[in-house]
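Let's walk through this one together, a piece at a time. Have the sequence and the 3D view side by side as you read.

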Amino acid sequence: MEKQALLDMLNRDIADEHAAIIRYLVHGYMEGEDTPLGASLISITREEMWHMHWLGLIIGKLGGEPNFTPAPYPYDPTSRATMLRSYIKYEEKLTPHYNEEVNKVDDLHIRRVLRREAWESSIHARKFQRKLDKLSPEEAAGLPGEESELPKELLDKLQAEVTSKYTEMLQHLRTSWVFQQDENMGWKIMDQAMEKMKHLAHFAEDIAEDGIRPEFKPGQIDKSIAIGLALKKALEDVQAARERHIKLREDSEVKKHSGLVINMDITIQQEEYQGAELEDWGKNKAKGDV
Ligand SMILES: [Fe+2]
Ligand SMILES: [Fe+2]
């Protein structure tokens with residue numbers, strides 16, 4: 001298979017995995033991590049994250065530009081039962097899809113990854129079927145989400161933070177995949193990307209707990225071709241986010257919700273840590289001794 005055709009194929013697959021991550025994560029947050037269905041959805045989301053990550057690593061290693069636009073995830077939102085049936089259909093389609101792709105590729109690692117994504121998709125279909133079978137008639141007919149109690153203005157602010165953290169996280173994923181050969185910088189940036197996922201969850205969970213569906217729409221992804229520029233952008237982003245969060249923590253509506261205040265406290269301190277690390281890496285990079 002030609003390299004460009006292979007990159008295009010993997011970039012279509014990454015969009016499907018990205019779509020699955022968002023769908024199961026949002027649904028999981030809406031159910032709540034402390035419910036059996038919510039916990040199971042979030043657990044499957046983690047496997048979809050690996051799927052996306054393996055594809056991204058391959059794309060970056062081949063010198064390609066990873067695609068961060070999620071594909072549409074078609075699902076019937078009428079009830080829990082219809083949603084789970086849509087998920088089963090989605091996963092069942094991916095199994096033959098990935099197996100066909102295995103036959104088009106020679107590289108043994110890529111073949112193993114595609115084959116694994118095929119069989120893990122069929123496991124996901126089985127897991128969703130099991131969840132569907134276990135729902136009570138009321139649960140099956142119902143939908144997640146409760147009465148909304150946070151004011152619209154605050155929800156909008158939290159949603160803006162989800163979008164911003166999500167974009168920063170994707171940006172870090174891109175940097176870690178594209179610059180993976182750059183000593184151990186890929187690893188360090190991936191570590192921060194994981195923390196950004198946690199920050200994103202702080203905001204998204206608060207929205208979902210309020211019965212509102214958090215939205216995952218990526219912003220602009222910077223396509224720096226030098227690691228130094230990518231680090232500079234990352235530092236600017238995290239500093240700007242920290243300043244916004246310090247202000248948001250003082251918001252009178254935020255102060256009424258102790259869970260949010262705790263999440264803001266941890267996010268702000270972690271952002272300070274991330275900023276200091278990035279600053280050092282940037283300096284060392286300039287000196288050429290990371
Ligand atoms: Fe997957
Ligand atoms: Fe899956």
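Start with the aromatics: Tyr24, Tyr73, Tyr87, Tyr90 and Phe128 form one cluster. Keep in mind that you're looking at a predicted model. The structure has eight aromatic pairs. One of them joins tyrosine 24 and tyrosine 73 edge-to-face, with 5.6 Å from centre to centre and 75 degrees between the planes. Tyrosine 24 sits in helix H1 while tyrosine 73 is in the loop between H2 and H3, so this pair ties together parts that are 49 residues apart in sequence. How buried are the two rings? Tyrosine 24 counts as buried because its relative accessibility is 0%, and tyrosine 73 is buried too, with a relative accessible area of 10%.

Phe128 from that cluster takes us to helix H4, where Phe128 is among the buried residues. H4 runs over residues 108-134, which is 27 residues, and its first and last C-alpha are 39 Å apart, close to the 39 Å expected at 1.5 Å a residue. At the start of H4, a side-chain oxygen of aspartate 107 comes to within 2.9 Å of the backbone nitrogen of histidine 109. The buried residues of H4 also include Ile110, Val113, Leu114, Glu117 and His124. What do they pack against? The buried residues of H4 pack against helix H1 (3-31), H2 and H3.

Glutamate 48 counts as buried at 2% relative accessibility, as does glutamate 91 at 1%.

Which residue coordinates both iron ions? Glutamate 48 does, and the iron ion (ligand 1) and the iron ion (ligand 2) are 3.4 Å apart. The iron ion (ligand 1) is coordinated by Glu17 (OE), Glu48 (OE) and His51 (ND1), at 2.0 to 2.2 Å. Its donors follow the spacing E-x30-E-x2-H.

Finish at arginine 80, which lies in helix H3. Is arginine 80 buried or exposed? With a relative accessible area of 14%, arginine 80 is buried, because the cut-off for buried is under 20%. The side chain of arginine 80 reaches the backbone oxygen of glutamate 139 at 3.1 Å. Leaving aside residues up to four places away in sequence, arginine 80 touches Glu31, Leu37, Leu135, Glu139, Ala140, Gly142, Leu143 and Pro144.

Notes:
Residues numbered from 1 in each chain as written. Chains lettered and ligands numbered in written order. Predicted model: local features only at pLDDT ≥ 70, side-chain atom pairs only at ≥ 80, totals over all residues. Heavy atoms only, no water. Buried < 20%, exposed > 50% of the residue type's maximum accessible area, 1.4 Å probe, protein only. Helix = DSSP H or I, 4+ residues; strand = E, 2+ residues; numbered from the N terminus. Expected span 1.5 Å × (residues − 1). Contact = heavy atoms within 4.5 Å. Polar contact = N/O pair within 3.5 Å; in protein donor to acceptor, adjacent residues only side chain to side chain. Phe/Tyr/Trp six-rings, centres within 6.5 Å; stacked < 30°, edge-to-face > 60°. Donors = N, O, S within 2.8 Å, 3.2 Å for Na, K, Ca; no water.
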